[in-house]
Amino acid sequence: MDKLEFEIKEKINLKELLKSKKISNRAYKKIINNLVYVNDEKINKNIGLKAGDKVKILIEDENLNYEPINKKIKILYEDKDIVAVDKPPNLTVNSKNQESLSNYLAYYFKENKIKSQIRLINRLDMNTSGIMLVAKNPFSHAYYQNQIENNELDKEYLALVEGNLIIDDFCEIDIDYDKENKKMKVVSDKNHVKTYFKTLKNYGKFSLIYCKIYTGKTHQIRLSLAYLNHPILGDDLYGSKYDIERFLLHAYRIKFKSFRDQKK
């Protein structure tokens, strides 16, 4: 059984400490019964803590929630709480009806004795390649999900777009789901999205664009570039006239503060 350990730096009560670690009230009620220790003594209620106290939370072992499939995955980073993998294109992340990245992760968890369910922190479209973060326990999953919801997790992408796009600016639009065409569309006064684009290189008919999202909405980059009349190469859903095996969008960098020590 794995565990979380925290050394107290200043006076605080136990529930406030756990709340600061993004542990929900529901999770608190579950673990306070038999999974929390202060200075190696089991605690079953909220108590005051002082500098120097050591808090330990046991993490219960879990069974895998996906069938393990032995396919090699590229690990970019790993610590006690998360693993970052390089997702290849043309692979769904967690579809129950087809082979997915989650199946490959389940095999990795099994082989490395990570006794946890697969919990995806961020998600990528099937055609999008690049970095995905996966939690190794429910507490880190809640913590990183909170970073995403508060736009505290920096996500940066590269896109190859049609045309000669010269840009170094923000694109801000309102978007909503178009049920009839099964894609996102630009609307008025709905879900506001903000994306920064910068041209890295022009190739005449194509341009390599750096993208950083400041909101986390479905198809935000894809729709914004189509709105600028420069759809991502191969993205036929949003107007690309090039028929290739995938659209050329890659999640290439993520910045975050780590769960246990808050280091960036």
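Modeller: What follows covers a sheet, some aromatic contacts and one annotation. Keep in mind that this is a predicted model.

Colleague: Fine. In what order do the four strands of the open sheet come?

Modeller: The order is β1-β6-β3-β4, with antiparallel pairing. β1 (2–7) and β4 (41–43) are the edge strands, each pairing on one side only. On average, neighbouring strands in this sheet are turned by 30 degrees against each other, direction ignored.

Colleague: How many bridges join β3 to β4?

Modeller: Three, and the two strands run antiparallel. β3 spans residues 36–38.

Colleague: And which residue in β4 is the bridge partner of Y37?

Modeller: That is K42. The ring of Y37 also has a charge over it: the charged end of K56 sits 5.5 Å from the ring centre.

Colleague: Rings, then. How many aromatic pairs are there?

Modeller: The count comes to 10. One of them is Y143 with Y144, whose ring centres are 4.8 Å apart. Their planes are at 80 degrees, and over 60 counts as edge-to-face, so this pair is edge-to-face.

Colleague: Are Y143 and Y144 buried or exposed?

Modeller: Both Y143 and Y144 are buried. They also belong to one aromatic cluster, together with F6, Y77, F256 and F259.

Colleague: What about F170 and Y214, how are those rings arranged?

Modeller: They form an edge-to-face pair, 5.4 Å centre to centre with 65 degrees between the planes. The pair links distant parts of the chain, 44 residues apart. F170 lies in strand β12 (residues 168–178), while Y214 is in the loop between β15 (206–213) and α5 (220–227).

Colleague: Why do F170 and Y214 count as partly exposed?

Modeller: Buried means under 20% relative accessible area and exposed means over 50%. F170 has 38%, so it is partly exposed. Y214 has 34%, so it is partly exposed too.

Colleague: Which charged end sits over the ring of F170?

Modeller: The one of K194, at 4.6 Å from the ring centre.

Colleague: Last topic. Which residues does the UniProt domain annotation cover?

Modeller: Residues 82–226, according to the UniProt record, which is an unreviewed entry. The annotation reads "domain: Pseudouridine synthase RsuA/RluA-like".

Terms used:
Residues are numbered from 1 along each chain as its sequence is written. This is a predicted model: local features need pLDDT of at least 70, side-chain atom pairs count only at pLDDT 80 or more; totals for chains, interfaces and linings use all residues. Side-chain values use heavy atoms; hydrogens and water are left out. Two strands pair if DSSP finds at least two bridges between them. Axes are lines fitted to C-alpha atoms, for helices over the stretch in contact, and angles run from 0 to 180 degrees between N-to-C directions. Rings of Phe, Tyr and Trp (its six-membered ring) pair if their centres lie within 6.5 Å; planes under 30 degrees apart count as stacked, over 60 as edge-to-face and the rest as tilted. Buried means under 20% relative accessible area, exposed over 50%, partly exposed in between (1.4 Å probe, protein chains only). A charge sits over a ring if NZ of Lys or CZ of Arg is within 6 Å of the ring centre and within 35 degrees of the ring normal. UniProt positions are given in the numbering used here, feature names are shortened, and annotations may be inferred rather than shown by experiment.
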